[in-house]
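Q: How do I read the strands, helices and loops of a model like this one? Please take me through a few features.

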Amino acid sequence: MIGDLYQSPLRYGGAYEESSVDGITPRPHWAGLMASLQSIGPNELALRWTQAEQRIRENGITYNIYGDPLGAHRPWKIDLVPLLIPDAEWRFIEAGIIQRAELLDLVLEDIYQSQTLLKAGLLPAALLYANPAFLRPLVGVKIPRKGYLHMLAFDLARSPDGNWWVLANRTQAPSGSGYALENRLIVSELLPELFRTSNVQRLAPFFRAQRDALAQLSRQSNPRIVLLTPGPHNETYFEHSYLAKYLGFTLVEGADLTVRDRCVFIKTVGGLEKVDVILRRVDDDFCDPLELRGDSLLGVSGLVEAVVAGNVHVANALGSGVIESAALMPFLPGLARHFLGEELRLPSVATWWCGQEHALNWVTDNLTSVVVKPAFSSVGMEPVFGSELTAADREKFLERLRSSPHEFVAQEQVQLSTAPVWENDSLHSRSVVLRTYVVNTGTGWLAFPGGLVRVAEAQGSVVSMQRGGHSKDAWVLSDRPVDTFSLLPPRNEVLQLRRASLVVPSSVADNTFWLGRYVERAENQARILRSLIPRIHLAEEAELVSLTCLAACLGARSARIADRRGGRLSFNALRREMLSLLTDHKRTDSLTATLAEVSRIADSVSERLSGDMMMLLGHLRDSVKSQKGTFLTNYTPMLTKCLELLSAFSGMERENINRGSGWLFLGLGRRLERAIYLTRELRHITKPLAVENWAYLERLLEVADSTVTYRTRYYATLQPLAVLDILMADGTNPRSLDFQLGHLTELYAKLPRHLPADLQAMQDAVGSLRRIDLQGMTNRLNEPLSYPVDRYQEVDQFLARLENLLPSWSNNLSSHYFSHARTLPITMGND
C-alpha cells in the first residue's frame, strides 16, 4: 500500500480470523486499526458505510468522469479504510516534498526571468521552447514576493521494498485538496473512536495557511480573493465550490470577471468590485483569450495585461504549467545541486526525455520495460505500455518515436504497493497513489499532512479516477501533540446571522434569469402543442385557420405551416411541423431543445438548487422522447407528464427558494417569458376573426389554463372581448398579461441599482394596459357578434408596442446586471 499489503481479518457471519497475504504481515502501526475494525464488525461497518453514501448524495459530492452516463452527477467514491502513515515515515516525505517545492519555484522563476539554466546548459533549450506550456507573453514579468508557485501537488508511490518515489509534479492548478478534506470529514465520522485515539494530524492548519498566504499576496488589508473555475462541467467542479465556501472566497467563472483600466473586476448584481487575488483552477493558456488562446471561453480577456501591470495576483502564476512536464524530471537532481547545493531527497521515478540522443537509444532498446507518455500536454496520446505491444505495433510506435523524439518521455513501470479497501463487506488489497500538497506561506513551505489517496478499481488495474478508481483518506499518525484548530465553527459557537449571500456573481443571476425563461418557454410550448395535437386529426377544414393561428404563437423561427395545396392550408404540413417542434433536437425552437437547455442551465447553478429540484429537472429533460412512427397522438400523455413536472417545479420555486436576488431573477425570467407569449397570442384576437374561427378563443383559454374561469363568469358562447378581459386585463388571473407586467415591475423595483428609466417604462406599460376600456368597447357594440375594429386597433397598437418593449427591456436588464455594458433608453411609446 502506500503502506502495506494485507488481507482483511474480517469474515462474514461475525467469525474473525487473522491472516496474511503472500506471507506479508501488517506492520505494527496497523494494529490499532485492525483491532478497531474487528471490534466494530462487518455488519456495523456496512451500516456506517450506508450512512456515508447518504451524506455523499445529500452534500452533492460529485466527480465527473468524461463519457460516463452520469456525467457531472456521478457521486464521489470513497473507501472507509484510511491509509496510515507513521510519523517517522511522514517526516521523510515532508522534507522531500518541501525541498522539491522550493526547487521547482526557483526553476520556474529562472525560466521566466534570467534563464541562467539555459545559458549554462543545465536545461536543454528544446525542452523549454518546444513546450506549448511555456508562455512567452509572461517572460520578464515580475512576480512579487517570490510567489510564482502558491501551491503544488506531488503524486507519490511506495514500491514493495518500502521506498517512496515521485511519479508526477503538479504545478499548474493542482486539484484534490478539497476532496481530501471531504474524505477526512466523512471517514472521521465513520470511525470516530479510532480517529480520536490515533493522534491524527489535522488538515485545517494547512488550509488556514493557504488562506493567509493568498491574502498576503495583495497589498490590500482586506483583499478580494476569488476562485476561478472552468465551470460546472469540469471534472472537479464540486471541489472548486466546496473550497470557495470553506476558505471564504467567491467562486467565479471567466464570464464573471472583466478587465477595466488594467484592473480585474468581478461583475455582481450590485456592480463591479475590484479583485486583488485569483486562485485559479483554469489551465494556463485558457486564462486569457486575448493574449494566450483565442478560442478559450473560460478565461478573462486582458488578464495578462492586468498581471503585467501588477494590479492582480494569480496563483499559481500564469505559465507555471511549463515545469509540470515529466520531461523535466531527469534534470531535477542536477538542478537541486545547482540551486540548493544538496541532493534530491525524494527521488523521481526513473524517467528519460527522448529529446536526448542517449535517452532515446536506451528507451528504444528497453521499450518493453517502460511506459511512454507525451512530454507535453499538446500531444494527444494515451500512455503506451511497451510490454503490451505486439511486435508489429512496437515497430510502428518506434518509428513514430524516432520521428519526433522530443515529444515523448519514458518512465519505468513501477510496481505499486497495495492498501486495504472495504469492498463487498470485507477488506481487499488495491494499488494506491498518494497525492499530497505543499503551500507557500511567504516565509516558508508547509506540507499537507496526508493527502488524497487514489485507489485502483481492481487489482492490477491502472490507478486513475477517470478510469473508475476511487479514493481514500490518509492519516499521518503523529507522535507529537496535534493542532486541533478548525476552520469549521464549533457547533456551540454563536454564528453571525445572514439573510442573503454576500456576493451574487452576474453569471449566477444570468443563468437564473434564463432558467426562468426557458422553464416558462417549455411550459408554453407544451401547453400549445398539447392543445393542437388531438385536434389536427379531428378538426374540420374550417378550424384549420384557428389551429394555424395557435401554432404561430409558438414563435417557431423555421416554421413551414403555410404549405398551400390547391390554394388551401395543409393539415399534413401542420402535422409535420408539430412533430418537428416536439422532437427535433437540432431545432433550437423545439420543445426537446428547450428542455435540454433547461437542464444545461440548471447544471450551471446546481449548487443553488435543492437536490429535489435537480432530480425533477433531470426527469423533465427526459420527459419527451421520440416515439416509433409519426402518430402525434402518442405524444399527448408525454406532454401531460411534462406539464406535471413543470408544475412541480413552479411549486418548488414558490415554496422552497428564499426570496434573495437569485429568486428575483428567476421570477423576472418567468414573468417576462410568459408576457412575451401572451402578447403574441392576444394579438391574434385583435385582428377580425370569422365566427367559424372563434374556436381559437377556446384553444387560447385552454393554453392559459383559464377555461374554468371563463365558464364560471360567462355561461354563453365565447366572445373575443371577454377572452381579452380575462387574459389581458384581469389582474387577479395569474395567467393574465396585467398580472405579468405588474409582477415584472414589482420584482424589478426590488433589484439593487435598478434603472429608473426602465422601471418607468414598465410602469407606463402597466398604466397603458389599465387605461384600455374593454367594458366601454362592449357597451358600444350594436350587435353581439360584430367587431369594433377601431377600438380593437387601440388594443393591437398597445400589444405591438409591448412586443417591442419586452425584448428591449430584457436586453437592458442583461447589459446592466450581467455584462455591465452600456444600456439604451427604452420607452413604451405613445398611447
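This is a predicted model: local features need pLDDT of at least 70, side-chain atom pairs count only at pLDDT 80 or more; totals for chains, interfaces and linings use all residues.

Q: How many helices and strands does the chain have?
A: The chain has 27 helices and 21 strands. Of its 831 residues, 56% count as buried. Buried means under 20% relative accessible area, exposed over 50%, and partly exposed in between (1.4 Å probe, protein chains only).

Q: What is the strand order in the open sheet of 4 strands?
A: Strands of a sheet pair through backbone hydrogen bonds, either parallel or antiparallel. Here the order is S5-S4-S9-S10, with parallel pairing. The edge strands are S5 (250-252) and S10 (313-315), each pairing on one side only. Neighbouring strands of this sheet are turned by 30° against each other on average, direction ignored.

Q: How many bridges join S4 to S9?
A: S4 and S9 run parallel and are joined by 4 bridges. Leu 227 stands opposite Leu 279 in S9. On to the next pairs. S4 (residues 225-228) and S5 pair in the parallel sense over 3 bridges, and Val 226 has Thr 250 in S5 as its bridge partner. S9 and S10 also run parallel, joined by 3 bridges. There, Ile 278 stands opposite Val 314 in S10.

Q: Which residues of S4 lie on one side and which on the other?
A: In a regular strand the side chains alternate between the two faces of the sheet. In S4, Ile 225 and Leu 227 are on one side, Val 226 and Leu 228 on the other, and all are buried. Both faces of S9 are covered too: Val 277 and Leu 279 on one side, Ile 278 and Arg 280 on the other, are all buried.

Q: Which strands does helix H8 lie across?
A: Helix H8 (residues 204-216) lies across S4, S9 (277-280) and S10, running at about 135° to S9. Helix H9 (residues 237-247) lies across S4 and S5, at about 150° to S5. Axes are lines fitted to C-alpha atoms, for helices over the stretch in contact, and angles run from 0 to 180 degrees between N-to-C directions.

Q: At what angle do H15 and H21 pack?
A: Two packed helices are described by the angle between their axes and the distance between the axes. H15 (residues 544-552) and H21 (residues 695-703) pack at about 35°, with their axes 8 Å apart. The contact (heavy atoms within 4.5 Å) is made by Ser 546, Cys 549 and Leu 550 of H15 and Ala 695, Tyr 696, Arg 699 and Val 703 of H21.

Q: Why is H23 largely enclosed by the rest of the structure?
A: Helix H23 (residues 720-729) has 8 of its 10 residues buried, so it is largely enclosed by the rest of the structure. Among the buried ones are Pro 720, Val 723 and Met 728.

Q: Where is Ser 301, and which residues is it in contact with?
A: Ser 301 lies in the loop between S9 and helix H10 (303-308). At 44% relative accessibility, Ser 301 counts as partly exposed. Leaving aside neighbours within four places in sequence, Ser 301 is in contact with Val 259, Asp 288, Pro 289 and Leu 290.

Q: What is phi of Asp 261 and of Arg 262?
A: Most residues other than glycine have a negative phi, and most peptide bonds are trans. Asp 261 has a positive phi, near 55°, and Arg 262 has a positive phi near 65°. Asp 261 is in the loop between S6 (257-260) and S7 (263-268). At 75% relative accessibility, Asp 261 counts as exposed, while Arg 262 is partly exposed at 39%.

Q: Which peptide bond is cis?
A: The bond from Ala 315 to Asn 316 is cis, with omega near -5°. Asn 316 is in the loop between S10 and helix H11 (332-340).

Notes:
Residues are numbered from 1 along each chain as its sequence is written. Side-chain values use heavy atoms; hydrogens and water are left out. Helices (H or I, at least four residues) and strands (E, at least two) are DSSP runs, numbered from the N terminus. Two strands pair if DSSP finds at least two bridges between them.
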